[in-house]
Amino acid sequence: MSWGTELWDQFDNLEKHTQWGIDILEKYIKFVKERTEIELSYAKQLRNLAKKYQPKKNSKEEEEYRYTACKAFLSTLNEMNDYAGQHEVISENMTSSITVELARYVQELKQERKSYFHDGRKAQQHIEICWKQLESSKRRFERDCKEADRAQQYFEKMDADINVTKADVEKARQQAQVRHQMAEDSKADYSSILQKFNHEQHEYYHTHIPNIFQKIQEMEERRIVRIGESMKTYAEVDRQVIPIIGKCLDEIVKAAESIDQKNDSQLVIEAYKSGFEPPGDIEFEDYTQPMKRTVSDNSLSNSRGEGKPELKFGGKAKGKLWPFIKKNKLSLKLGATPEDFSNLPPEQRRKKLQQKVDELNKEIQKEMDQRDAITKMKDVYLKNPQMGDPASLDHKLTEVSQNIEKLRLEAQKFEAWLAEVEGRLPARSEQARRQSGMFDAQNPATVNSCAQDRESSPDGSYTEEQSQEGEGKVLATDFDDEFDEEEPLPAIGTCKALYTFEGQNEGTISVVEGETLYVIEEDKGDGWTRIRRNEDEEGYVPTSYVEVYLDKNAKGAKTYI
């Protein structure tokens with residue numbers, strides 16, 4: 001089966017067919033190129049998707065990824081990045097192994113095809129020239145034969161006419177001989193050209209064209225094989241990344257299987273546990289008997305108080321369910337979070353303090369490593385003065401040592417607060433006593449009552465109990481006497497209640513949402529503000545429950561932030 005023998009007369013059709021084959025190859029190249037673009041676009045979209053759902057650093061979202069379900073989701077996002085990378089590999093391999101190679105091959109194929117058909121056309125032109133020479137020789141031979149016949153007939157006619165002179169007959173005879181000779185020469189020339197043409201024609205149809213068509217056939221078959229190999233490569237490129245993609249999917253499944261619902265439940269407890277005890281039973285109030293009821297009778301009290309009013313003041317906060325959640329949120333918005341996190345419930349406060357202690361210890365270790373490095377460098381300078389001046393490091397060494405000392409003091413401060421929360425120290429440290437000294441000095445009669453009550457209120461910072469029953473009685477009695485004799489403090493501003501507050505503890509006052517009252521004492525850092533409704537009603541409310549508007553012209557007023 002050869003195109004040279006079977007398709008010897010289909011030169012034009014072969015030319016069209018081979019051009020069609022190149023067009024098909026270019027179409028396949030375009031297809032693969034568009035596939036690589038799709039793979040790149042898909043990989044980019046996958047990466048953007050994974051990036052979009054990645055937790056933001058130093059944000060609340062990052063804290064949420066402690067849960068196993070969130071960790072599994074984060075693993076899924078990371079695996080999606082690797083998954084996208086494999087699609088980029090597909091695009092790169094298809095571009096280098098198929099698109100680039102086939103594009104180069106197409107150019108070579110076009111040049112080869114052009115060369116073969118150029119040789120074919122050259123052979124066609126040669127045989128056409130030979131044919132034209134044969135036709136010309138044939139026509140000349142035919143013309144010369146006709147001229148010789150006419151000359152012979154004219155001679156015979158002159159020779160038969162008795163009226164013609166002998167000279168005219170001889171002239172006609174010579175003319176006839178010349179024409180016969182010319183006819184013979186034309187015949188010999190025609191015969192020679194015919195033989196030559198037949199030879200050229202035989203060579204054309206049995207040698208030149210078959211060879212050219214055979215090369216074209218081989219070229220076309222190579223093109224077909226090449227496109228088949230490219231299709232195999234196309235599939236192989238995909239197959240090469242399947243194991244890695246499979247591993248990505250396996251890792252996603254593994255991450256999903258690592259989700260532990262019990263662990264997540266425990267993390268919720270650790271995140272939101274307040275450390276407060278549930279409220280105790282509410283005491284029965286017998287209205288059938290005349291008795292003097294105080295505000296503290298309605299408070300949530302711990303059953304351990306055994307119903308003794310003199311013990312309510314010191315121990316009432318222990319069984320109280322304080323609305324600390326709203327307070328914390330507003331305090332954070334106002335930037336009023338205490339340094340010791342005393343606005344948080346005990347358990348949350350302990351966690352924050354432990355976290356702060358760990359951070360400070362890391363910073364201390366970092367500074368100590370830096371100090372060791374500087375010390376070693378100084379030793380090197382002492383041994384090799386040409387490398388540097390040892391004295392130049394003294395300032396830096398002193399600075400690092402000071403930083404370490406500062407950090408240690410800071411760590412000790414937070415460790416003391418942490419020990420207090422964990423019960424390793426007394427409920428109130430000397431430092432805490434000093435912090436409340438300002439309030440003690442201003443209100444000596446109320447420091448052991450109202451201020452102490454504030455410290456054991458919604459923030460959960462302190463949960464004090466009176467150790468001696470008699471001391472509680474004296475405090476409660478002194479509070480009532482001294483508070484009545486105290487001169488009214490001047491108003492330093494106004495406030496608007498953001499939430500309703502039931503002032504059930506001694507020293508507090510109830511407010512209704514939206515109510516406007518007078519501010520007579522600012523928050524001293526313990527989370528409580530002293531307000532007045534009228535000359536007879538005043539007390540403390542959580543600072544987070546009111547919006548304060550201080551009078552800048554009032555004596556002792558501070559700027560409200």
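**Close-up views of salt bridges and the sheet**

**View 1. Arg140 and Asp189 meet through their side chains in a salt bridge (2.2 Å, N to O).** The pair ties together parts that are 49 residues apart in sequence, because Arg140 lies in helix 4 and Asp189 in helix 5; helices are DSSP runs of H or I with at least four residues and strands runs of E with at least two, numbered from the N terminus. A salt bridge here is a side-chain nitrogen of Lys or Arg within 4 Å of a carboxyl oxygen of Asp or Glu. This is a predicted model, in which local features need pLDDT of at least 70 and side-chain atom pairs count only at pLDDT 80 or more, whereas totals for chains, interfaces and linings use all residues. Residues are numbered from 1 along each chain as its sequence is written, and side-chain values use heavy atoms, with hydrogens and water left out.

**View 2. Asp238 and Arg35 form a salt bridge between their side chains (3.1 Å, N to O).** Distant parts of the chain are linked by this pair, with Asp238 in helix 5 (residues 166-257) and Arg35 in helix 2, 203 residues apart. Arg35 counts as buried at 15% relative accessibility, while Asp238, at 22%, counts as partly exposed (buried means under 20% relative accessible area, exposed over 50%, partly exposed in between; 1.4 Å probe, protein chains only).

**View 3. Five strands form an open, antiparallel sheet in the order 4-3-2-1-5.** Strand 4 (538-542) and strand 5 (546-550) are the edge strands, each pairing on one side only, where pairing requires that DSSP finds at least two bridges between two strands. Arg530 has Tyr540 in strand 4 as its bridge partner.
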